[in-house]
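Reader: I am new to reading protein models and would like to learn how the labels are given. Could you walk me through this one?

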Amino acid sequence: MRFADKLFFTTTALLAVVFAVFGIWMVSSYFQNILNREIERADTESRMLQYLFEVAYRSTQEYGEEYAVLKAVDSSMNSVEKQGRRCFAVDADGNFLYGDELGRDPEFLQMYEALRTEMGEEDTYAYGIRRWKEGYCLLNICKATVGENFVYLGICMDVTDIYADRQLLLNRYRFALILLAIVGGGAIYGISRFMTRPIHRLSEVARGISSGEYGKRAVNLSGDEIGELAESFNGMADRLVEQMEEKELEAKQKEDFTAAFAHELKTPLTSIIGYADMLNSVNLSEKEKREAYFYIYSQGKRLESLSHKLLELVSMDRQEMARKPVSTKDLEKNLHTAMRPVFAGKKIKGKILLEKSVIMGDYELLLSLLYNLLDNAVKAVEEGGFILLKGSCVPEGYEIKVVDNGRGIPQKEIHRITEAFYMVDKSRSRKEGGAGIGMALCKKIITLHGGTLRIQSRLGEGTVIKVSFPGRLR
């Protein structure tokens, strides 16, 4: 059963029960109040009948007890008996002194005897409501003393109209309750459908996402809890899709890494095996042998460099880095020494200038970072090009820029150059001894130091790489 149907049936049933209980209580309370007023009135009239009888009896007692009783009965009954009320008088022997027609009614006699029995010997007054002649009768009895005997005086009051009114009210309320259930139930059904519609739409969105429609999102502009649920659901869906995309990208990167690594191994190994076989099976001249030896040596050095970089890349994820103060001037001095012959060999106008400061980190890793950035710049520029490495103190920490006027990087390739083995121009990179791991190492080193990397480049104009480190000590 759907939630809207559960809400409809539960609310309708609760509403019907509440109104039914309230209606029964209201009708019963109204009926009981009217009945109590009739009982009080009957009690007053009964006591007045007793009083009138005793007054009349005392005033005629001198004429004899029998005469006094009959005279008192007639005078008192005529004063009290009205429309809707029937009076009677019964002596101690059960003879009806007044109201003979009642005494001839077996049903009334049975009702009278039962009430008189309930009255007891010490009581002087009693009343009861009994069913009589397809209706209801309020019967009052009082005991009046006459000499050494007593007389039962009674009033029989028809209260059938009160019970009929109660039944009429109950029937009307039952009809109103049914009407309320129909009208109110219809309203509740519409409201429950309206209120649960966002939940239904949210469920449809969840089913859509589970079936592969990852772009579907819940639309709910309300500011209530359902709106908050929709927002939370959308945030969860966005995060799940983001994680899925990250996992897909990670899987693709691993696949590309494996393919590139296999290719990088295959090329030098093919050369080494080919030239080694040639040396073993073919008679070569001394010049050809030297060329073969050179190719075997160069490709072996390339494999050695590749293995060192791979080990360095893997070991960074497995070891804790001890942060120590590193002087930027020490880095500048070391870079000048290492890059001077490289710049001279390609007739590059190179300039290295690091403003004096201290970076908290690992000296060897920072030196490897800057050397790799400069090495990539050297490979990117043509002979006679320009390279600038400049470090500056900034409010956020320390910033290092590497600027060159080389061939640049296509915009769509910039976000991928930090992937291992990724090369923009593969043939040229391999020709210059590159393996596509340098920028991946740079990214790892920057991350370990809590820094950020930004790359700006235009094809054919050059590249600007900015590395920012948080905090500094002058």
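Reader: How many salt bridges does the count come to?

Author: The count comes to 13 salt bridges. The rule asks for a side-chain nitrogen of Lys or Arg within 4 Å of a carboxyl oxygen of Asp or Glu. Please keep in mind that this is a predicted model, where local features need pLDDT of at least 70 and side-chain atom pairs count only at pLDDT 80 or more, while totals for chains, interfaces and linings use all residues. Residues are numbered from 1 along each chain as its sequence is written, and side-chain values use heavy atoms, with hydrogens and water left out.

Reader: What makes R41 and E38 a salt bridge?

Author: Their side chains meet at 3.3 Å, N to O, and the cut-off is 4 Å, so the pair qualifies. Side chains of opposite charge can pair when their charged atoms come close. R41 and E38 are 3 residues apart in helix α1, which means that about one helical turn separates them. (Helices are DSSP runs of H or I with at least four residues, strands are runs of E with at least two, and both are numbered from the N terminus.)

Reader: Why is E38 called buried, and why is R41 called partly exposed?

Author: Buried means under 20% relative accessible area, exposed means over 50%, and partly exposed is in between, with a 1.4 Å probe and protein chains only. E38 has 15%, so E38 counts as buried. R41 has 41%, so R41 counts as partly exposed.

Reader: What about R458 and E461, which meet at 4.0 Å?

Author: The side chains of R458 and E461 are also listed as a salt bridge, N to O. Both R458 and E461 are exposed.

Reader: What is the phi of K133, and why is K133 called exposed?

Author: Phi of K133 is near 55°, a positive value in a residue other than glycine. K133 lies in the loop between β3 (125-131) and β4 (136-146). Its relative accessible area is 52%, so K133 counts as exposed. K347 has a positive phi too, near 50°, and is found in the loop between α8 (328-345) and β7 (349-354). With 58%, K347 is exposed.

Reader: Which residues form the nonpolar patch on the surface?

Author: F175, I178, L179, I182 and V183 form the patch, with about 540 Å² of accessible area together. (Areas come from the Shrake-Rupley method with a 1.4 Å probe, and only the protein chains shown count as cover for residues.) Patch members need over 30% relative accessible area and no salt bridge; nonpolar side chains (Val, Leu, Ile, Met, Phe, Trp, Tyr) are joined within 5 Å, and like charges within 9 Å. L179, in helix α5, has 45%, so L179 counts as partly exposed.
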